[in-house]
Amino acid sequence: MRLPALLALLACAACATARPPVAAAPPDKAPPTVAATPAPPPPPVTPVTPPSTAATATPAPAVNVPEPRIALVLGGGAARGFAHIGVIRVLEQEHIPVNLIVGTSVGSLIAALYAAEGDSFDLEWTAFQLTQDDIFDFRLMNTVVGMGYAKGDRLEAWVKSKLKDDRIEKLKIPFAAVATDLNWGKRVVLDKGPVSRAVRASSAIPGVFEPVQHVGKILVDGGVIDNIPIDVAREKGADLVIAVDISENVGNTNITNALDVVLQSTNIMFAENVAHLRGGADVLVEPKVGGVAMLDFSQKKLCMQAGMEAARKMMPKIRAAVEEWKRKKAAALAPRT
């Protein structure tokens, strides 16, 4: 009986251990998939330059460049001198300052009238009133026993009547007239004293006007020795010189008397000394007035127009000369490192 009982016991144990496998619980419902939010871009990185070990350069200080002192030099040429008025008019229109004015012969006359007020319209109004009779006081006795056809008193009186103050020192623009010492052949610069006397001396054409007693000398026309006094302007401190030459074309086939001979000889002499002096100017203005006779006062407007045209033609060169001077001055004033 023990054997059947043992077998029954084993059978029961087998039944207990042979249970069917338990089914796995169905998995929970999966959570919905959420799209990933992209990460924000990193902030831009500003490169940092490490401090230089070299010393930082200090900018050069600005250089205060002055304006050049500009001189206007007016040459001789009798009635052609009305061209000077046209040149001055254009310089005013173009705002080119005239800080000093120097003249010989008729150039001294126009220079003095302009220096008095510094206004080209006043100059034109005054100068255009000038007639041949205001200049030439011809006298028979002068021709016979004097040292010229005319004394020159009339010219001196006319100039004096047109000025508020007859002293060179009182003119608005620094002024100088150039005459010639008849005894010693030396240039004489008249930059003080009576304006009218200086103009008369500077304009005393030899043989036409009597020489002038002034500053202890016997003086005649400055054109004898220096008809375009550029050097005088330099000596008086000009940085730039604008010179006006009206001596072109000395040809003249209408010579009929002694006065014509004297004037033509003088014209040739003046033109020749200009040829040796004109190269000293920074800018040379040459009005086309060669067809105007020395004593032809009927061509005032033509001469003035010729002066304006010549000055306008040279304006680019004038401005270039000013800029070049300032460039060199700035370089000279710049601090040395």
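Mentor: Contact here means heavy atoms within 4.5 Å, and with that in hand we can read this predicted model from its overall make-up down to single residues.

Trainee: What share of the contacts in the protein with a separation of 6 or more comes from residues 24 or more positions apart?

Mentor: Such residues account for 76% of the contacts in that class.

Trainee: Which residues touch the most other members of the largest nonpolar core?

Mentor: That core has 76 residues, and the ones touching the most other members are Leu72, Leu91, Ile101, Phe175 and Ile242. Helix H11, residues 300-333, supplies the largest share of this core, with twelve residues. A second core, separate and made of 16 residues, includes Leu100, Ala176, Ile228 and Ala243.

Trainee: What does leucine 72 touch, not counting residues up to four places away in sequence?

Mentor: With those set aside, leucine 72 touches Ile88, Leu91, Val98, Leu100, Ile101, Val102, Ile242 and Val244.

Trainee: How many of the residues in helix H3 are buried?

Mentor: The general idea to keep in mind is that an α-helix has 3.6 residues a turn, so residues three or four places apart point the same way. In this structure helix H3, residues 106-117, is mostly covered, with eleven of its twelve residues buried; among them are Val106, Leu109, Ile110, Leu113 and Tyr114. Just after H3, glycine 118 takes a positive phi of about 70°.

Trainee: How are helices H2 and H4 oriented to each other, roughly parallel or roughly antiparallel?

Mentor: The idea is to compare the N-to-C directions of the two axes, where angles over 145 degrees count as roughly antiparallel. Helix H2, residues 82-93, packs against helix H4, residues 120-127, at about 165°, and their axes are 9 Å apart; the two are therefore roughly antiparallel. H2 passes H4 in a left-handed crossing. On the H2 side the contact is made by Phe82, Ile85, Ile88, Arg89 and Glu92, and on the H4 side by Ser120, Phe121, Leu123, Glu124 and Ala127, a set that divides into six nonpolar, one polar and three charged residues.

Trainee: At what angle do H2 and H11 cross?

Mentor: Their axes cross at roughly 40° and come within 6 Å, and H2 and H11 are therefore oblique to each other. This crossing is right-handed. Among the residues that make the contact are Phe82, Gly86 and Val90 of H2, together with Cys303, Gly307 and Ala311 of H11; the residues of the contact divide into twelve nonpolar, three polar and three charged.

Trainee: Why does glutamate 156 count as buried?

Mentor: The cut-off is a relative accessible area under 20%, and glutamate 156 counts as buried because its relative accessibility is 17%. Glutamate 156 lies in helix H7, residues 153-161, and, leaving aside neighbours within four places in sequence, it is in contact with Ser196, Arg197 and Arg200.

Trainee: Where do those partners belong, and which residues make the contact of H7 with H8?

Mentor: Ser196, Arg197 and Arg200 belong to H8, where Val195 and Val199 also take part, while H7 contributes Asp153, Leu155, Glu156, Val159 and Lys160.

Notes:
Residues numbered from 1 in each chain as written. Predicted model: local features only at pLDDT ≥ 70, side-chain atom pairs only at ≥ 80, totals over all residues. Heavy atoms only, no water. Helix = DSSP H or I, 4+ residues; strand = E, 2+ residues; numbered from the N terminus. Buried < 20%, exposed > 50% of the residue type's maximum accessible area, 1.4 Å probe, protein only. Core = buried A, V, L, I, M, F, W, Y, C linked by side-chain atoms within 4.5 Å. Axes fitted to C-alpha atoms, helices over the stretch in contact; angles between N-to-C directions. Parallel < 35°, antiparallel > 145°, perpendicular 65-115°, else oblique. Left-handed = near helix turned anticlockwise from the far one by under 90°. Nonpolar A, V, L, I, M, F, W, Y, C, P; charged D, E, K, R; others polar.
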